[in-house]
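Trainee: Can you walk me through this model? Keep it quick, please.
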Amino acid sequence: MIYRTVRDLPTEEYFAPGHGLCAGCPIGILAKIVLKVSGKDSIIVNATGCGEVSTTLYPSTAWRVPWIHLAFENAAATASGVRAAYDAMIKKGLLNKDANIIVFAGDGGTADIGLQALSGALERGDRFLYICYDNEAYMNTGIQRSGATPFGAWTTTTPLGAKLSGREIFKKDLIGIAIAHKVRYAATAVPSYPFDLANKIEKGLKVNGPAFIHVLIPCTTGWRFDPSFTIKIGKLAVQTGLWPLYEYENGVFRTTVPVPRRKPVIEYLKLQGRFKHLLNKPELITEIQKYADELAQRFGLGPIEQ
Amino acid sequence: MQKLKQIRQTLSGNYAVAYAVKQVDVDVISAYPITPQTTMVEKLSEYVATGELQAEFIPVESEHSALSVVTAAAATGARVFTSTSSQGLLLMHEILFITAALRLPVVMAVANRAVSAPINIWNDHSDAMDQRDTGWIQIFAESSQEAYDTMIQAYRIAEDLRVRLPVMVNFDGYILTHTYEPVDTLPDEHVKEFTPRVKPPFRLNPDEPVSIGTLAPPDYYYEVKYQEINAIENSLPVIEEVSKKYGDLSGRYYSNVEQTSVNDADIVLVSMGALSGTARHVVRELRQHNIKAGLIRLRLFRPFPIKSIIDLISDAKAVGIIDRAVSPGAVGGPVFMEIAAIMKLYGIDVPIVNFIAGLGGRDVTPSDIKYMFDELQLTAISGKPKRPVYYIGLRGWNP
């Protein structure tokens, strides 16, 4: 199945409305698309984070498929346990059908505190799809910097002052870490390109081993933009080259959404409060533009439109 | 009753536990190696490699992940096993609470070992004592035979629908894990019959979806916690029932609190684990000299068998409690504090003394035990202990 239009997506909804995600948060869009593709026979493993606390406030749950959360840093190990239980029980005849096992974890639970468990599971080759929803800071605790916070971004632990203008280092190359574990499938995605996302989920679920999808999640609260801009900001991340959409399959990279003419990074930065201070610091914007140019070269994106 | 034909094998404690795990036919094993638990997991991975045990063996990158894997597998409906020791158990600490509060029947063997710093690979109980508030059932075996027997009972207890709690089987590092002893083992079919598969009340199943481990606001958290407290309190009769049934099957009966010559004893020692063998030997010697000594061996630490202990110590003239762990800054060791509290609560006016002994694998000899009884005799005569805590065998400790 190749998803091209909204009519290609199943009509079933396994992510229920009425959850407590912020207005404009694309985690809900992501969950909805993931479950449309993976279907009823899916099990969701959630790390502690925004996605977890806002969708499972007891006695309610937004998940119409089995869902489990144990702790913050162990989502990958939890998925390995579910996988192992299915494998063992199917072999012993205690279960008669398999399920898609899908992890949902934020950038904190993936790039930082959960990296060890993730590394262990990827190295062992445990068969599940790991989706990192990357909102580029610890949004659940109130916008503290994470290893995935971009260069120049304001957070509450990279505040602005005479000595600091936001985060002084670039984002951790999370997907690069996953690929270094020789995962069979890895991809970047953003809910602003839902069919690209859906196709990647489908591929990731078919892999006989771990698959890793790194999804950029614009956060209205932490990135400080109007909720109506969520999709637009996600698109700009792609069109500026800051978030190239690609997949890595059997050792080969392929850009899935071509960008023949790139927009300058300022178009992306200026819509977000977390980068507002950069407007007075052109040298920092130049740094970010250089970072985007490097990515563009690597993934075959076009030149900046004049 | 026709006597069951058992198979006597020469096994180390670790191998005895691994053998029991194989016989109960677990589905998922996950562990990280740590001395002195290592040979147990090696043996289990061999069983899986040879096909003697049909299970998934997940060699994780840490103990934190080991317990996460088996907890999740138990939530999926699998029968699981993990084991660890010392720092490994401490690294699992966070997840121990989660396993118990989610009411998942995980069974874990702990090869008891001291905790760092300084790093020390030898035996004491400080790793297990650290987990006393996590909601796990904690049983301490005295011998490899008992470790084997307890493992089989642990699955029956954990999976009982009246309990649904994780069980930790503790046995002393090296002293039991690495000593080879004759161990009577049950035929496979009897173990299978004794530990039947119980349909879990919930599991991760797409046909009946549930959300496990959700966020519970102040309006609900407290009640969930209380259910867990209630479950462990109510597990006491189930543990007794399982011990009795296992005794009927194997001929080996265990009680939550085992006693030696306590009925008419004036001076009583309370101990846990393998050290109890030495203490029992000393009690028998003292009895030959008409000294009315007795020994209580705590087999069950959580839930704490309050009533059994009260019954046994009420008539003594002095009671000494051996702790193989410390609680720095507290009045004494963890077992001592527990017993002191119940004595106060139930109005038992018997002088008590705490003996901290055997930390980090320091030998506890018969003469050390003899010294403890001597102090108890003095306490019984004066009616008042000289001091609450004694540090046995500690150089430089000069009371």
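This is a predicted model: local features need pLDDT of at least 70, side-chain atom pairs count only at pLDDT 80 or more; totals for chains, interfaces and linings use all residues.
Mentor: Start with a term: accessible areas come from the Shrake-Rupley method with a 1.4 Å probe, and for residues only the protein chains shown count as cover. By that method chain A exposes about 12100 Å². Carbon and sulfur atoms supply 55% of that area.

Trainee: How much of chain A is buried?
Mentor: Buried residues make up 59% of its 306 residues. Buried means under 20% relative accessible area, exposed over 50%, partly exposed in between (1.4 Å probe, protein chains only).

Trainee: New topic. Which residues of α12(B) are buried?
Mentor: They are B:D368, B:I369, B:M372, B:F373, B:E375, B:L376 and B:T379. They cover an arc of only 160° around the axis, which puts them on the same side of α12(B). The arc is that of the directions from the helix axis to the C-beta atoms. Helices (H or I, at least four residues) and strands (E, at least two) are DSSP runs, numbered from the N terminus.

Trainee: And what sits on the face turned away?
Mentor: The exposed residues B:S367, B:I381 and B:S382.

Trainee: Is B:S85 buried or exposed?
Mentor: Buried, at 0% relative accessibility. B:S85 lies in the loop between β4 (80-84) and α4 (86-101) of chain B.

Key:
Residues are numbered from 1 along each chain as its sequence is written. Chains are lettered from A and ligands numbered from 1 in the order in which they are written. Side-chain values use heavy atoms; hydrogens and water are left out.
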